[in-house]
Amino acid sequence: MTKKFHRAFGVYGIIGNDEGLVVIKKNGGLYINRFDLPGGSLEDGEGLQSAIVREIKEETGLEPDKLTQLGVTSFKYPWSYERWRYNQHICVFYEVVSSTGDLNYSVSQFIGQDSLGALRIPLEKLTIENSSPLVLKAKDFLQKQRIFDPIDWTYDEWKVLKKSVF
């Protein structure tokens, strides 16, 4: 049996409010050239909370000191990579309740770094044309009284969203 789905797993932080969201400028990976949430893959043997703290610090300059795990969901869409025809991106979302440090417009570059830096963007400027599905999930969370919807999102739903308020 041929497997059609590649699977990616990561942890992602929502740092924002009803006015704006901290996003990274993505320069690699699945959502290259789009705004994305700070976060990413776990290092060998790393725990979820350690990974999200490390990823946020590397990609934004902020150091989370209070986090709340919101839930897990996945995003499924067509993706042509090696022998795969689709990708299923499994994501653990965290709300960053508080953090220290300064938001860095540019960050250190190293092998595996896929962030050019971070910025805060008003929610109304985050659209399906310029943002990853993770950013749109975070936008939805912030606009809906901080209620996290764990339902998986599929490519067909993204096509419908293009015609909606996003």
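**Aromatic rings and a buried leucine**

In this predicted model, lysine 137 lies over the face of phenylalanine 148, 5.5 Å from the ring centre.

As for ring-on-ring pairs, the structure holds 4 of them. Take phenylalanine 5 and tyrosine 86: their ring centres are 5.1 Å apart and the planes meet at 25°, so this pair counts as stacked. The two partners come from distant parts of the chain, with phenylalanine 5 in strand 1 (residues 5-14) and tyrosine 86 in strand 6 (residues 84-100), 81 residues apart. Phenylalanine 5 is partly exposed, at 27% relative accessible area, and tyrosine 86 is likewise partly exposed at 27%.

Phenylalanine 75 and phenylalanine 93 pair up edge-to-face, at 6.4 Å centre to centre and 65° between the planes. Phenylalanine 75 is in strand 5 (residues 63-81) and phenylalanine 93 in strand 6, so the pair ties together parts 18 residues apart in sequence. Phenylalanine 75 is buried, at 0% relative accessibility, and phenylalanine 93 is buried too, also at 0%.

Phenylalanine 93 shows up again among the contacts of leucine 37, a list that also includes Tyr12, Leu21, Glu59 and Ala138, neighbours within four places in sequence being left aside. Leucine 37 sits in the loop between strand 3 (35-36) and strand 4 (39-40), yet it is buried, with a relative accessible area of 0%. Its C-alpha atom is 8.7 Å from that of isoleucine 15, a residue 22 residues away along the chain.

Technical notes. Residues numbered from 1 in each chain as written. Predicted model: local features only at pLDDT ≥ 70, side-chain atom pairs only at ≥ 80, totals over all residues. Heavy atoms only, no water. Helix = DSSP H or I, 4+ residues; strand = E, 2+ residues; numbered from the N terminus. Buried < 20%, exposed > 50% of the residue type's maximum accessible area, 1.4 Å probe, protein only. Contact = heavy atoms within 4.5 Å. Phe/Tyr/Trp six-rings, centres within 6.5 Å; stacked < 30°, edge-to-face > 60°. Lys NZ or Arg CZ within 6 Å of the ring centre and 35° of its normal.
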